[in-house]
Amino acid sequence: MAETETDVITVTFNGENTEQVKRGIPASEFLASVLSRKRSKNAILVRIDGELKDISAPLTHDCGIEAVFPGDDNTLEVLRHTAAHIMAQAVKELFTDVQVAIGPAIENGFYYDFDYQRPFTPEDLKKIEARMEEIVKRSQDITREDISLDEAEKRFEKLGEKYKLEILNVLDDQGEEEVSIYSQGEFVDLCRGPHLPHTGYLKAFKLTGLAGAYWRGDETQPMLQRIYGTAFFDKKSLKEYLNRLEEAKKRDHRRLGRDLDLFSVHEEIGPGLILWHPKGGIIRKIIEDFWRNEHFRRDYDMLFTPHIARRDLWKTSGHLDFYSENMYLPMDIDEVSYQLRPMNCPFHIAIYNSRIRSYRELPMRWCELGTVYRYERTGTLHGLMRVRGFTQDDGHVFCRPDQLSKEIHEILDLTLYVLRVFGFDRYEIYLSTRPDKYVGSDENWESATDALSQSLETQGLTYEIDPGEGVFYGPKIDIKIKDCLDRSWQCSTIQVDFNLPERFDVRYIGEDGQPHTPIMVHRALLGSLERFFGVLIEHYAGAFPLWLAPVQAIVLTVTDRQDQWAGSVTKKLKAAGIRTKADFRNEKLGKKIREAQLDKIPYMLIVGDQEVIDMTVSPRTRKGQKLNAMSLDDFIALVERECRDVFNC
RNA sequence: GCCGGCAUAGCUCAGUGGUAGAGCAGCUGAUUCGUAAUCAGCAGGUCUUCGGUUCAAGUCCGAAUGCCGGCUCCA
């Protein structure tokens, strides 16, 4: 201890009261002196100089301190982290020679990875849960020790925890000298903390899943067994969360895709290959029409290009070097090797290169609904979200360096508008920087990355940097949209490319009469029509907004006395461009309504004797709202207004 | 690709070694009915595929395929 240090330190509580206390007393002891007995008993953690710490943390220097209670910022994370430890403790108690790896809190809960001789079963999970309950009942103190790295190595060696030793090695390489370990009963874990004071705080938890996971997330490393769980401070929140999971299940696009007859996938056709049914097809057509119109409005031109090309093209583009693991094997045509395309860009470049370009032509904005084929490993396929053949709403902008930031700006504007029209107004934006495997000069990477970040900043968009996540040919902006259940989906992407123009010798003649290399920007707003459709289905739970609904209105008769008027209603609505169906079956109205409801048709038009006399229809919405009988013209106007309003956003 | 699970009628599922079942959907008939299911009848399956064990396999074993939950990867 340095000579200048005294045994008394100054502690400021809540930024107000200042107290002199003995150096080294636990924070809990201090809190007990300044808080009511009840309050100090309820505190679970402390914030020392803004940093979350154990409530037993010693106060070693002059500092500011606040008490932290259940439900305060970041406390759920601590609870879940403690839950992970309790689970590991339970597993260690039940299965003697199990090794523990890591166990963090994650977005919706926590997990812990284990190495065990045999796979855990769902029955094991129940046993583990029961043992956790027991540990909770024990209310075992969770204590922290700060020890030297050497000491830690000795302890974990004794415990035979080889994964912990590996972590200690990494910490050693990083130059750490001291680590913290946490103990509860017999269970000891290497951990940064903080943790709750004792195991009794875990009141509401559930183990939710069992899965394999690679050690350190690296597929060359051994596969461990991961047990997932979730925890909350109270049972009510846990129940709400579990209900939300149920709700998400009901919205699963794979289920709705079948129930609503939107699309299918067939074993005999091949996994990851999507068949769009008539109802999915009409939605796709509407999406595409909107997309095309919006692109024409913003000075894009439209291209159509083939799905295969000579292998040499992919050599030139660099895809064989950098993307071959995602490409299908070549096929021979007239003794020349061809390959299915995984991307559309080289074709657009070929069009660019079909003649000499002047700087006056730039920027050139080209788009295509381009179908590509990528080999995705079997285990990664997922409904419409991850497939092997899909159509990108692709586009390439060729521009001069001085035009880049304006172009990015306009692409962002277009992207966010399109997403809003589809009902997505919340998103996370990521700027991905240079990966390990890349082409192009460091200098180009840097200037491209700057252009992207500047465009984001001038539009006042907040974003996160995703280091090393760029594509091999350039940095990118990814937009992950958030759906109504708060889940995020990667769809839009904007990628600057300094590389392909070089490889294909893309040039324009500048003002100076000399050739220059343009910058190429790849962009997809929806990402792929397949994935976007999947996201849309889940976002709306299959109840598509009126402008997208495959059937917008269904005419329902009460008896066959109304067939004639109902028939002419149907005809007139169709003539007015409203996607209309008729259900004149000899069934009860209640049944027809039920079926239309299950089909999530926005408007049911009831036609009974009264409507025939008045020459009206009585609309009922799929939300169960009964509108007053109205004339056909009024109904048509209502539909048109509702559809039009979507675009004013 | 890896770890684990699953595969029975269009859908949801029952059937754990002894002759394949239900509900819904479908079809036929009756019923003419006002805001989420009218009644009756009929039809529908080489139990994913291939191989093995057994007197006997939907059921037990092995493999393949596909799907599901994750990991990794990603639009």
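**View 1. Helices α3 and α4 of this predicted model cross with their axes within 9 Å.** Here helix α3 (residues 75-94) meets helix α4 (residues 122-138) at roughly 115°; axes are lines fitted to C-alpha atoms, for helices over the stretch in contact, and angles run from 0 to 180 degrees between N-to-C directions. Helices (H or I, at least four residues) and strands (E, at least two) are DSSP runs, numbered from the N terminus. The two helices are therefore roughly perpendicular (65 to 115 degrees; under 35 counts as roughly parallel, over 145 as roughly antiparallel, and the rest as oblique). On the α3 side, the contact (heavy atoms within 4.5 Å) is made by Ala83, Ile86, Met87, Gln89, Ala90, Val91, Glu93 and Leu94, and on the α4 side by Lys127, Ile128, Arg131, Met132, Ile135 and Arg138. Sorted by class, that is 9 nonpolar, 1 polar and 4 charged residues; Ala, Val, Leu, Ile, Met, Phe, Trp, Tyr, Cys and Pro count as nonpolar, Asp, Glu, Lys and Arg as charged, and the others, Gly among them, as polar.

**View 2. Helices α5 and α6 cross at roughly 165°.** The axes of α5 (residues 149-159) and α6 (residues 162-173) come within 9 Å, and the angle makes α5 roughly antiparallel to α6. Their crossing is left-handed. Look for Leu149, Ala152, Glu153, Phe156 and Glu157 of α5 against Lys164, Leu165, Leu168, Asn169, Leu171 and Asp172 of α6. This contact divides into 6 nonpolar, 1 polar and 4 charged residues.

**View 3. Helices α13 and α14 pack at about 55°.** Their axes lie 9 Å apart, and the pair is therefore oblique, with a right-handed crossing. Leu404, Ser405, Ile408, His409 and Leu412 in α13 meet Ala451, Leu452, Ser455, Leu456 and Thr458 in α14. No charged residue takes part: the contact has 6 nonpolar and 4 polar residues.

**View 4. Helix α14 (residues 442-458) is seen along its 17 residues.** From first C-alpha to last, α14 reaches 24 Å, close to the 24 Å expected at 1.5 Å a residue (1.5 Å times one less than the number of residues). Its buried residues are Trp445, Ala448, Thr449, Ala451, Leu452, Ser453, Ser455 and Leu456; buried means under 20% relative accessible area, exposed over 50%, and partly exposed in between (1.4 Å probe, protein chains only). Among the elements covering them are α13 (404-421), β22 (427-432), β24 (476-482) and β25 (488-497). Just after α14, Gly460 has a positive phi of about 65°.

**View 5. Helix α12 (residues 345-352) is largely enclosed by the rest of the structure, as 6 of its 8 residues are buried.** Those residues are Cys345, Pro346, Phe347, His348, Ile349 and Tyr352.

**View 6. His539 sits in helix α16 (residues 529-539).** With a relative accessible area of 11%, His539 is buried. Leaving aside residues up to four places away in sequence, His539 touches Arg251, Phe422, Gly423, Phe424, Asp483 and Cys484.

**Notes for all views.** Residues are numbered from 1 along each chain as its sequence is written, and chains are lettered from A and ligands numbered from 1 in the order in which they are written. In this predicted model, local features need pLDDT of at least 70 and side-chain atom pairs count only at pLDDT 80 or more, while totals for chains, interfaces and linings use all residues; side-chain values use heavy atoms, with hydrogens and water left out.

Methods: Left-handed = near helix turned anticlockwise from the far one by under 90°.
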